[in-house]
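Here's a quick briefing to read with the model open beside you.

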Amino acid sequence: VMSHKSLVNRAVFIDRDGTIIEQVEILTEPSQLKLLPGVTEAIVDLKRRGFLVIGLTNQPIIEKGLLTMEGLKVIHEALQKKLAEAGARLDAIYTCPHRYRAEGQCKCRKPGLGLIKDAQAEFPMIDMQNSWLIGDRLRDMETGKRAGLKTIFVKTGGQSNDDGFFPDTKPDYIADTIADAAEFIK
């Protein structure tokens, strides 16, 4: 007998800055949003294949007082609008607003799993073993590994000193762009 449980939903978790949009040092205005090449096509393709597509982003500029949660909401609405113009959309975007702390770090800042747990709470049908994470930093790859996801590192974010924090983290795949990354996803 087929039950609802057999209708598992696979997800692709995608980092925002440097993966979906161009990396900007301090992004506080919708006018700074620039989609990276191939992003809309990749998202359309993944959605067509039945994946949930979920954005994940660390935004320590919120706790630092450079952007409000309301301002972030406006940016994410503008991002969804840009995607929608090409027939794409993210099913959800989860944000950690906290900055780095040497001690007492929040659970939501990647590589912590708070954002992924939030997604699982909202979409309990996600089959994590057959889901993926795409990002431009080893921090993203470490997040994916800890969550039991298959990981794809994209080269669109440029160099970052942040990668030095995760010297032993290896992605499952490396792709030039998110469009190339989508081809690894089966």
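Going along the sequence, the protein chain runs β-α-β-α-α-β-α-β-α-β-β-α. That makes six helices and six strands. Keep in mind that this is a predicted model.

**Overall shape and packing**

- The radius of gyration of the protein chain is 16 Å, close to the 16 Å that the globule rule gives for 186 residues, so the chain is as compact as a globular protein of that length.
- Taken along the principal axes, the box filled by the C-alpha atoms is roughly 55 × 40 × 30 Å.
- Out of the 186 residues, 49% count as buried.
- Take the contacts between residues at least 6 apart in sequence: 64% of these join residues at least 24 apart.
- The chain's accessible surface is about 9600 Å², and carbon and sulfur atoms account for 53% of that.

**Salt bridges**

- Side chains of opposite charge can pair when their charged atoms come close.
- The count for this model comes to 15 salt bridges.
- Asp91 pairs with Arg89, and their closest N and O atoms are 3.4 Å apart. Asp91 is buried, with a relative accessible area of 19%, while Arg89 is partly exposed at 43%.
- Asp15, Lys110 and Asp140 are joined in a network of salt bridges.

**Cysteines**

- A disulfide is a covalent bond between the sulfur atoms of two cysteines.
- How many disulfides turn up in the whole structure? The search finds zero.
- For Cys96, the closest cysteine sulfur is in Cys108, at 3.4 Å, which is too far for a bond, given that the cut-off is 2.5 Å.
- For Cys106, the closest cysteine sulfur belongs to Cys96, and at 3.7 Å that pair is also too far for a bond.
- Cys96 itself is buried, at 0% relative accessibility.

**A look at Gly38**

- Where is Gly38 found? This glycine lies in the loop between strand E1 (11-15) and helix H1 (39-48).
- Gly38 counts as buried because its relative accessibility is 19%, and the cut-off for buried is under 20%.
- Leaving aside residues up to four places away in sequence, Gly38 touches Ile178 and Ala179.
- If you're tracing distances, Gly38 and Gly157 are 119 residues apart in sequence, and their C-alpha atoms are 14 Å apart in space.

How values were computed
Residues numbered from 1 in each chain as written. Predicted model: local features only at pLDDT ≥ 70, side-chain atom pairs only at ≥ 80, totals over all residues. Heavy atoms only, no water. Salt bridge = Lys/Arg side-chain N within 4 Å of Asp/Glu carboxyl O. Buried < 20%, exposed > 50% of the residue type's maximum accessible area, 1.4 Å probe, protein only. Helix = DSSP H or I, 4+ residues; strand = E, 2+ residues; numbered from the N terminus. Rg over C-alpha atoms; globule rule 2.2 N^0.38 Å. Contact = heavy atoms within 4.5 Å. Areas by Shrake-Rupley, 256 points an atom, 1.4 Å probe, with all protein chains shown as cover.
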